[in-house]
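Colleague: I would like to learn how to read a model of this kind, one feature at a time. Please give the general idea, then the case at hand.

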Amino acid sequence: LALDAWRELAMNMTDNPVLVLKIGGNQVENEEFLTGFVAAVRGLLAEYAVVVVHGGGKEITSLHAQLGVAFETVEARAEIFVPEQHVVELEPDLIISRHVLEHLRTPLAFLQGIAFATRRAGLRVGLFVEVPCIDQALAHGRVEDFYFEHASHFTTESLVTLLQRCEGGIDRVGHNYGGEVVYGFAWLGDRRARRIAEARVF
């Protein structure tokens, strides 16, 4: 969302195509990287309106301290998400799964594991899932869609059924990328919220 906001802002300021570049805060402190990066950006300026977005770093942290502006960091973990362990440990408000479920052989078992762990911990957790949608592939006989390394395939109806079987409340289901992707948002751990927004789905 932040990159989209920068892109929209820049598009209102220039007639050139907008190119948004995101770099990490630590990279800003690497002089060798920064020298090469600046040279690369300089070469793009004649053709593009370049917006550079960077993360934290020591200088940004120091500036926040000087200004007395609080900020939060996000912990990144290089580990597999285990619902019965991590839901209890992290007590999340929101779980996002984008283009993960299609790589699982048993996506229902995975999501039901999250739902069970959520109820057991007494939490109400938002769940956002997004997967490739094969509605159009089936409608037009487009077999090449099934060549990808996907263990599971989803139609709009099957994603709705998947979320329903997690015993939560579906808030919305919709599509992106011209119907090639389907997403759903549901509340887990809340048995009362079972409203399905069919008007938004079909």
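Colleague: Does Phe146 count as buried, exposed or partly exposed, and at what relative accessibility?

Modeller: The class follows from relative accessible area: buried is under 20%, exposed is over 50%, and partly exposed lies in between, with a 1.4 Å probe and protein chains only. Phe146 counts as partly exposed because its relative accessibility is 34%. Phe146 sits in the loop between α7 (135-140) and α8 (156-164). Helices (H or I, at least four residues) and strands (E, at least two) are DSSP runs, numbered from the N terminus.

This is a predicted model, in which local features need pLDDT of at least 70 and side-chain atom pairs count only at pLDDT 80 or more, while totals for chains, interfaces and linings use all residues. Residues are numbered from 1 along each chain as its sequence is written, and side-chain values use heavy atoms, with hydrogens and water left out.

Colleague: Which residues make the nonpolar surface patch?

Modeller: Patch residues have over 30% relative accessible area and no salt bridge; nonpolar side chains (Val, Leu, Ile, Met, Phe, Trp, Tyr) are joined within 5 Å, like charges within 9 Å. Here Leu138, Val143, Phe146 and Tyr147 form a nonpolar patch of about 450 Å². Areas come from the Shrake-Rupley method with a 1.4 Å probe, and for residues only the protein chains shown count as cover.

Colleague: How many salt bridges does the count come to?

Modeller: Side chains of opposite charge can pair when their charged atoms come close. The rule asks for a side-chain nitrogen of Lys or Arg within 4 Å of a carboxyl oxygen of Asp or Glu, and the count comes to four. One of them joins Glu130 and Arg98, at 2.8 Å from N to O. Glu130 belongs to strand β4 (residues 125-132) and Arg98 to strand β3, so the pair ties together parts 32 residues apart in sequence. Glu130 is buried, at 3% relative accessible area, whereas Arg98 is partly exposed, at 45%. C-alpha to C-alpha, Arg98 and Glu130 are 4.7 Å apart.

Colleague: Which residues does Arg98 touch, not counting those up to four places away in sequence?

Modeller: A contact means heavy atoms within 4.5 Å. On that basis Arg98 touches Phe128 and Glu130.

Colleague: Which residues are linked in a network of salt bridges?

Modeller: The network links Arg142, Asp145 and Glu180. Within it, Arg142 pairs with Asp145, their closest N and O atoms being 2.8 Å apart. Arg142 is partly exposed, at 21% relative accessible area, and Asp145 is buried, at 15%. Elsewhere, Asp171 and Arg172 form a salt bridge with closest N and O atoms 3.0 Å apart. Asp171 counts as buried at 16% relative accessibility, and Arg172 as partly exposed at 38%.

Colleague: Which residues of helix α5 are buried?

Modeller: An α-helix has 3.6 residues a turn, so residues three or four places apart point the same way. In α5 (residues 83-90) the buried residues are Pro83, His86 and Val87. They lie on the same side of α5 because they cover an arc of only 100° around the axis, the arc being that of the directions from the helix axis to the C-beta atoms. These buried residues pack against β3 (94-98) and α6 (107-120). After α5 comes Glu91, with a positive phi near 45°.
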